[in-house]
Amino acid sequence: MDFSPYEENNSVNKIFKSAVPQICKDEPCLFGIDEAGRGPVLGPMVYGISYCPISMKETLEKKAFADSKTLKEEVREDLFSQIQECNDFMGFEVDILSPNYISTTMLRRTKYSLNQISMDSAIGLLRLAIADGVQVKEVYVDTVGDAQKYQDKLKGLFPDLEITVTPKADSKFAIVSAASICAKVVRDKVVKSWQFPESIDVSQDELGSGYPSDPTTKRFLADNVDPVFGFPRIVRFSWSTASKILDEKAVSVQWDDDEEIDESAKGTASITSFFAPKGANPRKKKHQFFNDRHISQVTSF
């Protein structure tokens, strides 16, 4: 599969998917969901799904699918190739969530957690498969956060599906293991071929594992922080490891929501008032809180 479209612009999310086998449109299917790259401070998080007919469950379980974290890289690569070769009865999708998207979403004015981002991706991939004609029947999900709450949320959105959300689903269900392998292999490929728009020359070894506790990764962060623009695009600014380095090495900026009022200027018209429509009532302007949440006043229901 060609991932060059993401390599050309790694600031945005990108979904890649296989063709849907006809048998997956004709027969009820198993559907597995898992992710790779949730913890690292470097690189994207990738959500993966895989599916196949329930009638092919025994064939699927004969494959050596397992939790991708327990497999060597060459084994994962081989299994991912097998998934693509089984295109007569298996399909998959991957959603690459860019570091830029993760950071801006988690740090926006209305805070959004990584769990919420993860759930949105999983739900989006499930909806996409259904829209593509996959006859989804049984869904197995490796949980984020509280498994029961996550399961209840999915059942509320997809009441006709049989949904199981559980920790370690990637080691319990072969279809989730396959999704885990898809996600992990794609993430590894993307990180290895990462194009730095900042024109810095960095080898894979200099990035380290990407995890916040890795000394090599910490060294990369410390050596590649700009005092004004921060880190290269591969870094998740929202991680505490990155935030601490910014606090130490970046230029301090003071953001004030409300400017201090100069007592001597009281009673003087604001300069912005000269640009308001004639007769406009400034008190009718909505606070940013309501604009951010798209809340409008209504007089009837």
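Q: How many residues apart in helix 9 are Asp188 and Lys184?
A: Asp188 and Lys184 are four residues apart in helix 9, so about one helical turn separates them. Helices are DSSP runs of H or I with at least four residues, strands are runs of E with at least two, and both are numbered from the N terminus. An α-helix has 3.6 residues a turn, so residues three or four places apart point the same way.

Q: And what do the side chains of Asp188 and Lys184 form?
A: Asp188 forms a salt bridge with Lys184, with the closest N and O atoms 3.4 Å apart; the term needs a side-chain nitrogen of Lys or Arg within 4 Å of a carboxyl oxygen of Asp or Glu. Arg76 is linked with Lys184 and Asp188 in a network of salt bridges.

Q: Before I read too much into distances, what kind of model is this, and what is needed for a side-chain atom pair to count?
A: This is a predicted model, in which local features need pLDDT of at least 70 and side-chain atom pairs count only at pLDDT 80 or more, while totals for chains, interfaces and linings use all residues. Residues are numbered from 1 along each chain as its sequence is written, and side-chain values use heavy atoms, with hydrogens and water left out.

Q: Back to that pair: is Asp188 buried or exposed?
A: Asp188 is buried, at a relative accessible area of 15%, whereas Lys184 is partly exposed at 22%. Buried here means under 20% relative accessible area and exposed means over 50%, with partly exposed in between (1.4 Å probe, protein chains only).

Q: How many salt bridges does the structure hold?
A: The structure holds six salt bridges. One of them joins the side chains of Lys17 and Asp132, at 2.8 Å from N to O, and this pair links distant parts of the chain, with Lys17 in strand 1 (residues 14-17) and Asp132 in the loop between helix 6 and strand 5 (136-142), 115 residues apart. Lys17 is partly exposed at 37% relative accessibility, and Asp132 is partly exposed at 24%.

Q: Which residue meets Lys137 in a salt bridge?
A: The side chain of Lys137 meets that of Glu162, at 3.8 Å from N to O. Lys137 lies in strand 5 and Glu162 in strand 6, so the pair ties together parts that are 25 residues apart in sequence. Lys137 is partly exposed at 34%, and Glu162 is partly exposed at 44%.

Q: Switching to the inside: how many residues has the largest nonpolar core?
A: The largest nonpolar core has 78 residues, and those with the most contacts inside it are Phe31, Met90, Val139, Phe220 and Val235. Helix 9 (residues 174-192) gives the most to this core, with eleven residues. Such a core is a set of buried Ala, Val, Leu, Ile, Met, Phe, Trp, Tyr and Cys residues joined through side-chain atoms within 4.5 Å.

Q: What does Met90 touch?
A: Not counting residues up to four places away in sequence, Met90 touches Pro21, Ser50, Tyr51, Cys52, Leu60, Phe65, Ile83 and Ala178; contact means heavy atoms within 4.5 Å.

Q: Which residues of helix 6 are buried?
A: The buried residues of helix 6 are Leu114, Ile117, Ser118, Met119, Ser121, Ala122, Ile123, Leu125, Leu126 and Ala129. Helix 6 is followed by Gly133, which has a positive phi near 105 degrees.

Q: Where is Lys168, and what is its phi?
A: Lys168 is in the loop between strand 6 (162-166) and helix 8 (169-172), with a positive phi of about 60 degrees although it is not a glycine. At 56% relative accessibility, Lys168 counts as exposed.

Q: And Ser199, buried or exposed?
A: Ser199 is exposed, with a relative accessible area of 68%. Ser199 sits in the loop between helix 9 and helix 10 (204-207), and its phi is positive, near 60 degrees.

Q: Last topic: where is Phe229?
A: Phe229 is in the loop between helix 11 (215-223) and helix 12 (240-249), and it is exposed, with a relative accessible area of 70%.
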